[in-house]
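Hi,

Here is the structure I promised to pass on. Have a look at it first, then read my notes below.

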Amino acid sequence: MLRRMLSDQVSSTTATNAGSAFAYKRLPSRERSLTEIHVERMNTDSGAVYLEAPLLSGSSGPGWRLSFPHMVTAILAAVLFGYHMGVVNAPLQHIGKDLLFAGHTILEGFVVSVSLASAFMGCALSGTIADAVGRRRAFQISCIPMIFGAIISAVSTHVGAMILGRFIVGLGLGLSGPVTAMYVSEISPTSVRGTYGSFIQIATCIGILASLVAGLPAHSIPGWWRTCFWIAVIPAIMLAIGMEWCAESPRWLFKIGRIAEAEHELERLWGPSHVKQAMADLIRNEQTQDNGTTSWMALADPRYIKVVTIGAALFAFQQFAGVNAVFYFSSTVFRQAGMTSDVAASVMVGVVNLMASFVAAYLMDSLGRRSLMIMSFSGMGLAMGLQAFIAAVPAFASARASAALLGTLLACACLATPRDLP
């Protein structure tokens, strides 16, 4: 019966990967819904054929429980990114004293920012590496510089070694960042894809907070900053080992023609009853993509230029707003503003940043991304404006420390709300 229905179809779409042929065919149905479909799989002489038919009422999409452990393992990379963002915040002055560059603002800035420069290089290579060896292996490759870079920083005896360690770590951070977003998106069931995407930001905030908390003993325990870098080795090793048990991206396996493995990984991630539908979706998505080779010039296409410009501008404005200065130098800023417990104030910044990320995950579907961004950017402008006004007026000199703390907390809360919304 299925073979007769297949032969009666007027048109078909085929995709060939590594000798396997796939046909995606739509079966007519008066009761068909746009979103409720079911896919039947049958084997033919030319390969596997997926037939689309109405989904029975009461059927539901894949749940989150099977894919959740794989997502949690992947976002360890985001935790590491956040941790390395803030690891030099609290102990920076002690690192400077031990490595003999205290008071040298250029070297201090270089120790802090060199990882961002190398992260750019790692990010530029991440797509090529992930497509060549797969998402899991790309994660494990990114762990190598994150482990060895942290060790070099932990045992450094002069500023050159510290800068080298930070540079190497940045390569791993830049590689793992895009791979994390790619992997989480490709293993996530549609119903929880937005929530899983928000976990990446939450994990980054957890890493920032962990680094600030880890730096608390730096003022009382000599050489504690070395322990802060040793701590960073632990999650990197966990990520490298954990990826051995995680599923590979079904989309990547499908693209390189390893169809049976793609089905197996979908079964692990979504459950056996959803493999057929997922495979049909993969086929449909591949067929809707352009057959030509995509280049960077495609970003300048009139169809995409507006969206690309707005998206790039939003990320640029977030950086120009001073988020990096807050997470890298908040302890120094609070100390210069007259606060006696500058490190504790920095921990408060990390706590507020994490709480605001949970708020964003809760509100983004009800308020929408655009409204949330408008509200958050307006709040950031107000917080920074009030802080600058109080700092500039001599009559408010006694309130500068409190204004610096409250203004920074409010700005971080507003910034964390829209940042990296999926």
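Let's start with two helices: α7 (residues 159–187) and α8 (residues 193–214) pack at an angle of about 155°, and their axes are 9 Å apart. That makes α7 roughly antiparallel to α8 (angles over 145 degrees count as that). Axes here are lines fitted to C-alpha atoms over the stretch in contact, with angles from 0 to 180 degrees between N-to-C directions. Helices are DSSP runs (H or I, at least four residues), numbered from the N terminus.

In this pair, Thr 180, Ala 181, Val 184 and Ser 185 of α7 meet Arg 193, Tyr 196, Gly 197 and Ile 200 of α8 (contact means heavy atoms within 4.5 Å). Four of these residues are nonpolar, three polar and one charged; Gly counts as polar and Tyr as nonpolar.

A caveat: this is a predicted model, so to speak of local features we need pLDDT of at least 70, side-chain atom pairs count only at pLDDT 80 or more, and totals for chains, interfaces and linings use all residues. Residues are numbered from 1 along each chain as its sequence is written, and side-chain values use heavy atoms, leaving out hydrogens and water.

Now find Leu 100, in the loop between α4 (92–98) and α5 (105–133). Leu 100 isn't a glycine, yet its phi is positive, about 65°. Most residues other than glycine have a negative phi. Leu 100 is also exposed (over 50% relative accessible area), at 78%.

Finally, Leu 239 touches Phe 139 and Cys 143, among others, not counting residues up to four places away in sequence.

Cheers

How values were computed:
Angles under 35 degrees count as roughly parallel, over 145 as roughly antiparallel, 65 to 115 as roughly perpendicular and the rest as oblique. Buried means under 20% relative accessible area, exposed over 50%, partly exposed in between (1.4 Å probe, protein chains only).
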